[in-house]
Amino acid sequence: GGSCDVKMSASSIETSLATACTCQTDVLVVMIHRNLLRAGFAFFGIGEDENDQQRQKHADELPEDWNSSPDCVYAFRYEIGSEKYLMKCIKMEKMLLVHFLQRSCEKIHHFALTVDDFVQGSQYSNPFGCMKNMDKLEEILHKEFVLAVKPSNRSEQTPSSSSSS
């Protein structure tokens with residue numbers, strides 16, 4: 001069943017990430033990840049290697065080393081049906097650059113987020129208490145990525161050269 005799994009995902013993410021975030025960027029990446037799961041993307045694993053077929057045991061939990069990069073670079077793999085995606089997030093000063101690669105057509109969708117717009121405080125052990133403007137983030141992700149890659153919505157989307165920041 002579809003929607004039940006998504007709800008379970010969100011709550012088990014909250015449990016599994018309770019102690020995993022160590023900085024603001026981690027919190028923002030968790031927010032993005034959670035939004036993608038809610039939009040119907042299935043988490044496949046971390047890292048860029050498309051041939052790594054080692055699927056996550058618990059598809060709704062991030063593995064222990066998801067945020068182990070010393071340079072604040074995150075790489076997550078997702079899929080919807082047979083379509084595979086790579087999300088790569090890179091911290092650059094106060095910004096998080098978010099890149100999505102749609103593997104089949106090698107199309108890249110990217111945008112930048114200001115970390116302070118979405119993360120407050122420093123209680124990273126409770127990442128969900130640090131999040132703010134979650135609706136705004138969901139709106140940005142939907143506009144910049146979800147609408148662009150879900151074929152059923154493509155006809156509704158009018159082409160625009162928008163980069164509102």
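Reply:
**The sheet and its rings**

The accessible surface of the protein is about 9,200 Å², and carbon and sulfur atoms hold 49% of it. Such areas come from the Shrake-Rupley method with a 1.4 Å probe; for residues, only the protein chains shown count as cover. This is a predicted model: local features need pLDDT of at least 70, side-chain atom pairs count only at pLDDT 80 or more, and totals for chains, interfaces and linings use all residues. Residues are numbered from 1 along each chain as its sequence is written, and side-chain values use heavy atoms, with hydrogens and water left out.

First, the background. The protein has four helices and five strands. These are DSSP runs, numbered from the N terminus: helices are H or I with at least four residues, strands E with at least two. Along the sequence the pattern reads α-α-β-β-β-β-β-α-α. Of the 165 residues, 41% count as buried (under 20% relative accessible area; exposed is over 50%, partly exposed lies in between; 1.4 Å probe, protein chains only).

Now the sheet. Its five strands form an open sheet in the order β1-β2-β3-β4-β5, with antiparallel pairing. Strands pair if DSSP finds at least two bridges between them. β1 (42–46) and β5 (107–114) stand at the edges with a single partner strand each, so one side of each has no neighbour in the sheet. Neighbouring strands are turned by 25° against each other on average, direction ignored. Axes here are lines fitted to C-alpha atoms, for helices over the stretch in contact; angles run from 0 to 180 degrees between N-to-C directions.

Look at one pairing. β2 (residues 73–80) and β3 (residues 83–92) pair in the antiparallel sense over eight bridges. There, R77 stands opposite L86 in β3.

Two helices meet the sheet. α2 (residues 24–38) packs on it and touches β1, β2, β3, β4 (95–102) and β5. Its direction makes about 5° with that of β2. α4 (residues 134–149) lies across β3, β4 and β5, and runs at about 175° to β5. Contact means heavy atoms within 4.5 Å.

Next, the rings. There are 11 aromatic pairs. Rings of Phe, Tyr and Trp (its six-membered ring) pair if their centres lie within 6.5 Å; planes under 30 degrees apart are stacked, over 60 edge-to-face, the rest tilted. F41 and Y85 are edge-to-face, at 5.4 Å centre to centre and 75° between the planes. This pair links distant parts of the chain: F41 sits in the loop between α2 and β1, Y85 in strand β3, 44 residues apart. Both F41 and Y85 are buried.

W66 and F76 are also edge-to-face, at 6.3 Å and 70°. W66 is in the loop between β1 and β2 and F76 in strand β2, so the pair ties together parts 10 residues apart in sequence. W66 and F76 are both buried. Ring pairs join a cluster whose members include F41, W66, F76, Y85, F100 and F145.

Last, two loops beside the strands. Most residues other than glycine have a negative phi. C72, in the loop between β1 and β2, has a positive phi near 55°. C72 counts as buried, at 17% relative accessibility. E106, in the loop between β4 and β5, has a positive phi of about 50°. E106 counts as exposed, at 65% relative accessibility.
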